[in-house]
Amino acid sequence: MSRPLAVACLAGLLCAEASAGGGLFGRRLRVVEEPARAQPAAPAEEGKGKPAREEPEDPFAPAKPREEKEEPAEDGQVRIRPIELAKAEKDLPVDTRMDFRLSRIDKPLSTETSALFREAWKAFREQHARVDGAFERLPGAPIALSLTLRQDLGEGRWLADAAWDNPGALAWCRQGSNSAQVIAVLDAAGRPGERREVTALRIGLVEASFVAAIPPAEGRRVRLRRQAFVETAPLADDDPTRQAFQVAVTAGKPLRTVLTQERDCRSCGGVGYLRRKVPGKIQDARDPCPGACDRGKREVGLEVTFRP
Ligand SMILES: [Zn+2]
């Protein structure tokens, strides 16, 4: 499956409509439905002195699809739609590609060593999830989230207060510690108020519309824009997973992973500088390497494709 498709698949998980209707929160719903965004504000609303809801609030938001207008107003359904799906993080530039033949591990003269396999298997497990029994490439790196569950939105989806750390690699949030309310899709059932530590993959920005069960908007339909996450775990290093992996490779599935490796820099040949002859001097001058390497070394990507 291609990566955009994998994202769409995960987003589908998030946006599955809760079908439980009005009984979803175990309370009678006093529905105060907002007018659909693109419609002119209802006259009754304006009479109450509310600001007219023409909402030019986000000029960068993509145009709404037409059918959005026909939302049924009176039900208690949860609606979550993606506004901006997370882009797949860019892989390390792949410097080398190799076919890794499982049948040749540790055979004489083969490059398929068990040490390299261990490294590749670890990277593979971190970069994949099992969806319907098949191995799917994750569109990014999962992060650790500390969650406090606030409201159950059905089908494993929660409104939650989240805290996470950004050491600097994440472009969508500020550096350092972050805290925000998010939408999280969790694997196991929970209860409001529960604290939970999860590893999750960011799906992107979503708009969630539901009847709030918590203050300050209790009983009212709210529409929130939040970052959304899906709980994920690296593939287990156990026998069933290994077996499934072997079966998939034997069946000819193109499973691949990208490893980080340290190589000698090509610009300077691994020494970290360039020599330059200086007229009249015995010793050469040392110029900094134009390859911007780290003392002659650079991190490169090795793409490993597993073969039977
Ligand atoms: Zn260099």
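## A bridge between two strands

Leu 259 has Leu 302 in strand E13 as its bridge partner. Helices (H or I, at least four residues) and strands (E, at least two residues) are DSSP runs, numbered from the N terminus. E10 and E13 (residues 297-307) run antiparallel and are joined by nine bridges; two strands count as paired if DSSP finds at least two bridges between them.

## Model and confidence

The structure is a predicted model, in which local features need pLDDT of at least 70, side-chain atom pairs count only at pLDDT 80 or more, and totals for chains, interfaces and linings use all residues. Residue numbers start from 1 along each chain as its sequence is written.

The pLDDT, the predictor's confidence in each residue from 0 to 100, has a mean of 76 over the chain, and 74% of the residues reach 70 or more. The pLDDT is below 50 over residues 16-56, a stretch with 53 contacts in the model beyond near neighbours in sequence. Residues 64-73 also have a pLDDT below 50, with eight such contacts. Two residues are in contact if their C-beta atoms, placed from the backbone, lie within 7 Å.

## Overall composition

The chain contains four helices and 13 strands. Of its 308 residues, 21% are buried; a residue is buried if 20 or more other C-beta atoms, placed from the backbone, lie within 10 Å of its own, exposed if 12 or fewer do, and partly exposed in between. Among contacts between residues at least 6 apart in sequence, 70% join residues at least 24 apart.

## Nonpolar cores

A nonpolar core is a set of buried Ala, Val, Leu, Ile, Met, Phe, Trp, Tyr and Cys residues joined through C-beta atoms within 7 Å. The largest has 29 residues, and those with the most contacts inside it are Leu 145, Ile 183, Ala 184, Ala 200 and Phe 229. Strands E5 (143-152), E6 (157-166), E7 (176-185), E8 (195-211) and E9 (221-231) each supply at least two residues of this core. Its largest share, eight residues, comes from E8.

Not counting residues up to four places away in sequence, Phe 229 touches several residues, including Leu 145, Ala 184 and Ala 200. Another core, of 11 residues, lies apart from the largest one and includes Ala 120, Phe 124, Val 249 and Leu 302.

## A hairpin and a helix end

Strand E3 (residues 128-131) and strand E4 (residues 134-137) pair in the antiparallel sense over four bridges. Within this pair, Ala 129 has Glu 136 in E4 as its bridge partner. The hairpin has two residues between the strands, and Asp 132 in it takes a positive phi near 50°. Just after H4, Gly 252 takes a positive phi of about 90°.
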